[in-house]
Amino acid sequence: MKQLDTSIIISTYNSPDWLEKVLYGYNNQTYRHFEVIIADDGSTDETRRLLKNIQEEVFYPIIHVWHEDDGFQKTKILNKAILKCNTEYIIMSDGDCIPRKDFVEQHVKYREEGYYLSGGYFMLPMAISKAITKTDIYTENCFNLSWLKNKGLKPSFKNNKVDSGFINPKILNFFTTTKASWNGHNSSGWKKDIIDVNGFDERMQYGGEDRELGERLVNNGIKSKQIRYSAVVLHLDHSRGYVNQEALEKNLAIRKHTQDQKKTWTDFGIVKD
């Protein structure tokens, strides 16, 4: 038995086709000492059947954490998933984000006490998202710029996230204009640091709930490190019917309070008062 030292939390909700592609991506990793925790926000049995079947193919153990569907409760299921992690280090991503084969390796390479890591994601259009097959994932075709361009990908500087070519990713990480922040698609940190700030604020719905966690980590003395050109995932397209302005404004108010008061703890997280 290999010694596991990393837990990967993958959030999902009723997207088994996308989740299957993502799990194939983790089966293609160069670094293999990890477990996968599925944070399932109330999916139907189709997702449960997928996980049962795919466990027979993939090398890593899968732990399925589920609660009943009661609207958008991603922060609640993520907190439950954090407690189920059996290692000291946690990578968080989503069930619509296919990891490049060195994804876990890069997070392990750059992890450091007193820091959390902020990786990058590359958004794909729906047509390419649907076109990606199991074979494309195992052969890394879907991370090949020529293959993506043949499928209709338009030229952009952001394409360097997929393949930095002759430019060293460390250089791109250093000169990036984006501030390192905790993003739910691709971030990692020590479990003890996440527990110390009481995990996610469960009052928050879609829109900044991940950033707010990162802000409390920073307020608690944890620094952020940018690896957005080193650790990369392909973000598959999908509808976002759960977005609403009222929730976004509520989340902004909570984040402002966290920032203004330098909050390091939420009373609405893993531990409830």
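Predicted model: local features only at pLDDT ≥ 70, side-chain atom pairs only at ≥ 80, totals over all residues.
In the pairing of α1 with α2, Pro16, Leu19, Glu20, Leu23 and Tyr24 of α1 meet Glu46, Thr47, Leu50, Leu51 and Ile54 of α2. Sorted by class, the residues of this contact comprise seven nonpolar, one polar and two charged. Helix α1 spans residues 16-26 and helix α2 spans residues 45-54; their axes lie 10 Å apart and the packing angle is about 25°. Because angles under 35 degrees count as roughly parallel, α1 is roughly parallel to α2. The crossing of α1 past α2 is right-handed.

A further helix pair is formed by α10 (209-219) and α11 (residues 245-260). The axes of α10 and α11 come within 10 Å and cross at roughly 5°, and the two helices are therefore roughly parallel to each other. On the α10 side, the contact is made by Arg211, Glu212, Glu215, Arg216 and Asn219, and on the α11 side by Ile254, Arg255, Thr258 and Gln259. The class composition of this contact is one nonpolar, three polar and five charged residues.

Two cavities of 30 Å³ or more are found in a search of the whole structure. The largest cavity holds about 50 Å³ of space. Its lining consists of Lys74, Leu78, Met92, Ser93, Trp182, Gly184, Phe200, Glu209 and Asp210. Two or more lining residues are contributed by each of α3 (74-84), β4 (89-94) and α10 (209-219). Four residues of the lining of the largest cavity are nonpolar, two are polar and three are charged.

The second largest cavity contains about 30 Å³ of space. Around the second largest cavity lie Tyr115, Tyr116, Trp182, Gly189, Trp190, Asp193, Ile194, Leu217 and Ile222. The elements that supply two or more residues to this lining are β6 (115-123), β7 (186-190) and α9 (191-196). By class, the lining of the second largest cavity has seven nonpolar residues, one polar residue and one charged residue. Trp182 is listed among the lining residues of the largest cavity and also among those of the second largest cavity.

Notes: Residues numbered from 1 in each chain as written. Heavy atoms only, no water. 1 Å grid on protein atoms, 1.4 Å probe; cavity = no way out; pocket = protein on both sides within 12 Å on 5 of 7 lines; lining within 4 Å. Points joined across faces, edges and corners; volume = space filled by probe spheres on them. Helix = DSSP H or I, 4+ residues; strand = E, 2+ residues; numbered from the N terminus. Nonpolar A, V, L, I, M, F, W, Y, C, P; charged D, E, K, R; others polar. Axes fitted to C-alpha atoms, helices over the stretch in contact; angles between N-to-C directions. Parallel < 35°, antiparallel > 145°, perpendicular 65-115°, else oblique. Contact = heavy atoms within 4.5 Å. Left-handed = near helix turned anticlockwise from the far one by under 90°.
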